Amino acid sequence: MTQPFIEFKNVYKRFGSLEVLKGVNLSIDKGTVTVVIGKSGSGKSVLLKHIVGLIQEDEGDVLIQGKSLNRLSSKQARQFKKNMSYMFQDNALFDFLTAFENIALPLTETTRMTAAQIRKKVHDRMARLSIEGIDDKYPSELSGGMRKRVAMARALVTDPELILFDEPTTGLDPIRKNDVHHLIREFQKQFGFTAVIVSHDIPDIFDLAQQIALLDEGKIVFKGTREEIMACEHETACAFIRGREVLYDRSKA
Amino acid sequence: MSLVSIQYSCFFYFLFFVIDSGISLKIMISRLIETIGNPFSSYIESLGRLIRFFLAGIRQIPVLPFQWNKILDQIGFIGAKSLFVILLTSMFTGMVLGLQGYYSLVTFGSEAALGSAVALSLIRELGPVLTAIMITARAGSAMAAEIGVMRMSEQIDALVTMQINPVRFIFSPRIVAALICFPLLTAFFDVVGIFGGFLSGSLLMGINETVYMDKVIQSVKMIDIWGGFIKSFVFALVVATICSYRGYFAHMNNQGQTGAKGVSLATTSAVVQSCIWILIFDYVITSFLV
């Protein structure tokens with residue numbers, strides 16, 4: 001049995017009196033796409049932020065290739081984080097930087113690439129995401145869809161091994177949403193990165209996923225493939241994806 | 001009835017009240033300690049965080065590559081954009097000093113000393129203090145709000161995920177820019193303020209122009225100018241640190257407010273605390289210099 005790339009082992013997280021994660025267990029294999037679904041406010045983003053180190057677990061462990069994230073040496077942790085990107089739910093673009101500067105930022109600040117190399121790479125990502133010609137525009141001058149794609153270009157520009165997408169298609173129209181899904185699929189095939197996607201685009205997002213996990217009441221209550229979840233054999237997962245609140249609540253009772 | 005017996009009576013009345021109301025003394029004492037201890041421990045925690053933030057920012061300044069572009073941007077923001085307001089404030093401060101000084105000195109027949117009074121007040125005290133307060137109001141508040149919005153919109157988290165040191169990226173260029181701008185703007189304030197005193201004292205009230213300028217030149221010593229500059233360097237560190245710190249930790253305020261309210265609280269406390277600490281440090285430095 002191969003070792004998972006990322007593994008959540010009985011992870012608990014509490015904010016004051018609110019217990020968000022109550023013993024999460026989840027394994028993510030290298031080079032796969034895992035989609036995490038769940039109700040709004042169920043802790044999906046909190047789960048992602050554990051991987052990137054923005055939030056520390058209260059109990060349990062997050063393992064990266066078998067090693068606890070908290071016990072990695074600073075060099076190992078730096079190396080792991082260097083090969084990872086995070087696409088934030090609200091994009092987190094720097095409003096004082098132009099679109100080009102936003103995308104180029106991870107390269108200008110953390111690599112020794114020349115200005116010409118950076119320009120070439122940024123323009124390549126911009127072309128692939130159909131956002132050419134907006135180099136000098138500030139995020140406030142761009143539409144929601146454009147901002148999303150700028151954020152995606154920034155996440156992809158470093159050729160990471162792991163990308164965490166926090167609701168990458170929120171606020172996009174159906175055409176743009178399908179575009180983003182298509183791009184994730186294409187880029188993932190091309191570069192082979194591991195992706196963890198938090199999304200509400202059910203069932204469209206399932207087309208990308210090798211693994212689907214349902215987070216409910218602080219625990220992963222379902223793990224499986226697209227076919228398994230769509231077969232509707234798991235009562236809670238079935239109720240959730242069909243959006244039946246009453247059935248969903250009853251199934252948990 | 002003596003004061004001591006009144007105190008004893010009050011104490012026993014309080015004790016009877018406590019026993020009577022069924023609250024044990026132990027609980028009362030523990031609540032008292034809690035009431036005093038909680039704000040005190042959170043203040044100590046906040047102070048520790050501020051010092052760590054300051055040291056982390058200072059440590060990142062010499063780290064290569066130098067952040068020239070960001071420093072120049074901040075010099076433009078803190079320095080160049082504050083120049084007009086500093087010139088305006090200094091002109092009127094000097095003019096008021098000229099008028100007040102003239103009416104005070106003329107009663108003793110020593111209005112000729114107006115140049116000395118205006119120049120020394122400005123160079124030793126008013127120049128550094130008012131410049132720092134004006135920069136806090138104009139640039140410090142904007143600094144806290146900008147960094148606060150960065151915190152609330154996850155831009156600081158985005159820096160962390162990109163392996164970019166947020167303290168280096170956000171805070172270090174602001175310290176360097178403040179250290180360059182504060183003394184320069186203070187110098188502008190002093191010169192324009194002395195000229196303001198000249199306008200009201202000599203041109204309006206009729207003190208001889210040569211006497212005014214001669215008194216300025218005679219009375220001002222190099223130690224006065226250095227004293228003013230030392231103050232402006234310290235104020236630069238105080239304002240840049242407090243305003244950046246308040247913005248950086250805008251999500252960690254006492255009232256548990258986030259979003260726009262959190263940014264507004266951060267901005268208010270940045271300005272108020274900066275002004276208070278400017279005045280405290282002014283007293284401390286002056287007590288060493290005189």
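Which strands of chain A does α1(A) lie across, and at about what angle to β7(A) does α1(A) run? In this predicted model, α1(A) lies across β3 (33-38), β6, β7, β8 (194-198) and β9 of chain A and runs at about 155° to β7(A). Axes are lines fitted to C-alpha atoms, for helices over the stretch in contact (heavy atoms within 4.5 Å), and angles run from 0 to 180 degrees between N-to-C directions. Helices (H or I, at least four residues) and strands (E, at least two) are DSSP runs numbered from the N terminus.

Residues are numbered from 1 along each chain as its sequence is written, and chains are lettered from A and ligands numbered from 1 in the order in which they are written. Local features need pLDDT of at least 70 and side-chain atom pairs count only at pLDDT 80 or more, while totals for chains, interfaces and linings use all residues; side-chain values use heavy atoms, with hydrogens and water left out.

The pLDDT, which is the predictor's confidence in each residue from 0 to 100, averages 85 in chain A, and 96% of the residues score at least 70. Within chain A, α3(A) has the highest confidence, at 92, and helix α9 (residues 245-252) the lowest, at a mean of 52. Where pLDDT is low, the predicted coordinates should not be read in detail.

The strands β6-β7-β8-β3-β9-β10 of chain A, in this order, form an open sheet of six strands with mixed pairing; two strands pair if DSSP finds at least two bridges between them. The edges are β6 and β10 (219-224) of chain A, each with a single partner strand, so one side of each has no neighbour in the sheet. On average, neighbouring strands of this sheet are turned by 15° against each other, direction ignored. Buried means under 20% relative accessible area, exposed over 50% and partly exposed in between (1.4 Å probe, protein chains only). Strand β9 (residues 211-216) of chain A is joined to β10(A) by five bridges in the antiparallel sense, and A:Leu215 stands opposite A:Ile220 in β10(A).

A second open sheet in chain A has four strands in the order β2-β1-β4-β5, with antiparallel pairing. Here β2 (18-28) and β5 (67-68) of chain A are the edges; each has a single partner strand, so one side of each is left without a neighbour in the sheet. Helix α1 (residues 44-52) of chain A packs on this sheet and touches β1, β2 and β4 (59-64) of chain A, its direction making about 120° with that of β1(A). Eight bridges join strand β1 (residues 6-15) of chain A to β2(A), where A:Leu21 is the bridge partner of A:Lys13. Five bridges join β1(A) to β4(A), with A:Lys9 opposite A:Asp61. The pairing of β4(A) with β5(A) is antiparallel over two bridges, and A:Lys67 in β5(A) is the bridge partner of A:Ile64. The hairpin of these two strands has two residues between them, and A:Gln65 takes a positive phi near 45°.

Buried residues of α3(A) include A:Phe100, A:Ile103, A:Leu105 and A:Leu107. Their cover includes α4 (115-128) and α5 (144-156) of chain A together with α6 (155-161) and α7 of chain B.

Over all chains, 17 aromatic pairs are found. Rings of Phe, Tyr and Trp (its six-membered ring) pair if their centres lie within 6.5 Å; planes under 30 degrees apart count as stacked, over 60 as edge-to-face and the rest as tilted. The rings of A:Phe96 and B:Phe169 have centres 6.5 Å apart and planes at 40°, so this pair is tilted. The pair crosses between chains, from the loop between β6 (84-87) and α3 (99-110) of chain A to helix α7 (residues 166-204) of chain B. A:Phe96 is partly exposed, at a relative accessible area of 32%, whereas B:Phe169 is buried, at 7%. The rings of A:Phe187 and A:Phe191 form a stacked pair, with centres 5.7 Å apart and planes at 10°.
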